[in-house]
Amino acid sequence: MMLDRASAVVCARMKAPRRRGAVAVVLTALALPAALAVAAEPVPASSPPAASPVDDSSWDQALEPGSWCGTFERYIAKGYGDGSSDAFGGCPLDGQCDDAPVRDGFIPNGFTPMSTYSIHIHVFCASNGTNCAATQSTVDWQMNSLNSAYDPSRIDFTYETSFHNNSTFRFWSSGEENAMKSAYADAPNEKLNVYVVSVSGGYSFGTFPWDSDATGNGGGIVMDQGHFSVGQDVLAHEAGHCLGLWHTHHGVSEVNQCSSCYERAGTSDDNAGDRCSDTDPTPVSYSCGGQGGSDPCNGVPWGATDPQNYMSYGGPGCWNEFTPQQAGRVHCWTDDVLSGWLFDPLSIATPQPEDSLGAICSSDAHCANTATCVGGICYVPKNRYVSIAPNPSNGGRLSARRVLLDLGGGTTALLGWLGEPVATTVAGEVEPKLVAPIVNFFSRHLRDWNVDDQGVPFADATVHLGDCHISPGQTYIIQAIIREANVGDEASYSDPLVLTTTSFYGDVVGESVGTPPDGNRNFNDIASVVRGFQNIQTEPKVWLELQGGTATPELPDLTDIGFSDINAAVAGFQGGTYPHAAPCDCPGAVCP
């Protein structure tokens, strides 16, 4: 949606689901945007009639002391019933997904394709840009945790982050809900909007999919910043509400006692309470231990009460599961109401080239020396490396990167997959470099290319690829493909990122210090490699790396510039050619 304000966009090369990739970060201006009129979303046939607007000045007063989830109370305040009974004495249905046979048809298994949902995280800051309710690293941790929680249910999330400088909503009360959401909701029929603020009352809440606001401006999640910190999993709980899940204690503590919707201890009922017979009946409990006590309606002890379920109030440190029937409800409600939130499971954006010059371009004429314009970035070709950055549009998804060699005439060779990147500390440079080899084509390497193995964003997620396959005077094609796609389907790969290496062995710099290679081999190239050996930094060392160690000279190691690199620069100056195997002769290559 277009808002009546100026905005600046910053792309941050990080992002973290346990997996997922770079994120787009948007910093909005200080002025409060004017609310815009938005056409009402159609109410699905399975949904109840639209309820009255929230009395947003007082609905949260119905929260029990100590309650940290306001989803149910907000739902009741909008005029929806509590699900205790209907005119015929039964437990009313909110949609076809409340019907157990329909729900069970959506229960996923290991062969069910992943459903990927789009989320927009809105973090509010003071109007001067300080005191934000969360940092980008916290957002990344939260999304990593969210994906870990939902992955067994064949669900994951891709996301973008916006930081809004607006003190009005930084410290938030329920009376500000409509104004905040009207101003900042982003395509709510296409993505789940999450608003991170400091809530007066310290609670968070979501919106059920059968609520008529679910895919409109009034939907989404409001997260208290305390629930959105590292170590907290409340986002998984609130997202569960938005995807169709009740509290596990709904059938005891949120309906009329002993009514037709009441779940009695010792029973398994698909037609009462949370409508999942694989969750145990339970009163509300904030404990990770057993419930204790007995059901006042039948005198039966409560027994197991599933505090480990994300939809209980067991809390972070206790939660670790959604049940199969809960997963079925989520997939069913997605199919019925929320399909617009699904991210195309086969789409993947093209990897980006390294931006070492900080120069944008629309043609090679805008780039110095032999730097080439690749995807709007002036890319510096290297002699023994190609350098690949993540694409913020991929949102942290698990993907593999295929590496091909352009043989000319429309023919390519399959060299393999980009392998596991290793952080290598290079003498004389502050940031470690991520270096990756090419691995066997028949065992693709899947990972989030923006985070380390612990889900922590790389400070610089650019991956430098240098091994036997990367030699001077070649053209390489790098394409991404996500985990769920068929590697044999060429249409599933991203558009190609085409990178070249400099033509002459030993051509590492231009005519002046720090300039890109210029197609000539002279004393400047030798001098630059010597300066790199002396840790006098004038160019990135990845430009200067020509050889590996004595045992494996064909494998540039980037750990340091050594005598072998100096000797290679001298040999190049003397007219020498690349002395090692051609790319197609390297291990793992699949060439014609």
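Is C332 buried or exposed? At 0% relative accessibility, C332 counts as buried. The legends below describe close-up views of this residue and of other sites in a predicted model.

**Figure 1. The disulfide between C97 and C332.** The two sulfur atoms of C97 and C332 lie 2.1 Å apart. The torsion about their S-S bond is about -85 degrees, so the disulfide is left-handed. C97 is located in the loop between α1 and α2 and C332 in helix α8, so the pair ties together parts that are 235 residues apart in sequence. With a relative accessibility of 1%, C97 counts as buried. The structure holds nine disulfides.

**Figure 2. The disulfide between C91 and C261.** Here the sulfur atoms are 1.7 Å apart. A torsion of about 100 degrees about the S-S bond of C91 and C261 makes this disulfide right-handed. C91 belongs to the loop between α1 (71–77) and α2 (100–104), and C261 to the loop between α7 (250–253) and α8 (324–338), so the bond ties together parts that are 170 residues apart in sequence. C91 counts as buried at 16% relative accessibility, and C261 counts as buried at 1%.

**Figure 3. The disulfide between C367 and C378, with the cysteine C242.** C367 is joined to C378 at an S to S distance of 2.1 Å. The torsion about this S-S bond is about -85 degrees, so the disulfide is left-handed. C367 lies in the loop between β8 (352–353) and β9 (372–374), whereas C378 is in strand β10 (residues 377–379); the pair therefore ties together parts that are eleven residues apart in sequence. Both C367 and C378 are buried. C242, in contrast, is in no disulfide, and the nearest cysteine sulfur, that of C69, is 9.7 Å away. C242 is buried, its relative accessible area being 1%.

Figure 4. Leaving aside neighbours within four places in sequence, K181 is in contact with R74, Y195, F205, T207, N217, G218, G219, G220 and V222.

**Figure 5. The packing of helix α9 against helix α11.** Helices α9 (residues 523–533) and α11 (residues 563–573) pack with their axes 9 Å apart, at an angle of about 180 degrees. The two helices are therefore roughly antiparallel to each other. F523, D525, I526, V529, V530 and F533 of α9 meet F563, D565, I566, A569, V570 and F573 of α11. By class, this contact has ten nonpolar, no polar and two charged residues.

Methods
Residues are numbered from 1 along each chain as its sequence is written. This is a predicted model: local features need pLDDT of at least 70, side-chain atom pairs count only at pLDDT 80 or more; totals for chains, interfaces and linings use all residues. Side-chain values use heavy atoms; hydrogens and water are left out. Axes are lines fitted to C-alpha atoms, for helices over the stretch in contact, and angles run from 0 to 180 degrees between N-to-C directions. Helices (H or I, at least four residues) and strands (E, at least two) are DSSP runs, numbered from the N terminus. Angles under 35 degrees count as roughly parallel, over 145 as roughly antiparallel, 65 to 115 as roughly perpendicular and the rest as oblique. Contact means heavy atoms within 4.5 Å. Ala, Val, Leu, Ile, Met, Phe, Trp, Tyr, Cys and Pro count as nonpolar, Asp, Glu, Lys and Arg as charged, and the others, Gly among them, as polar. A disulfide is a pair of cysteine sulfur atoms within 2.5 Å. Buried means under 20% relative accessible area, exposed over 50%, partly exposed in between (1.4 Å probe, protein chains only).
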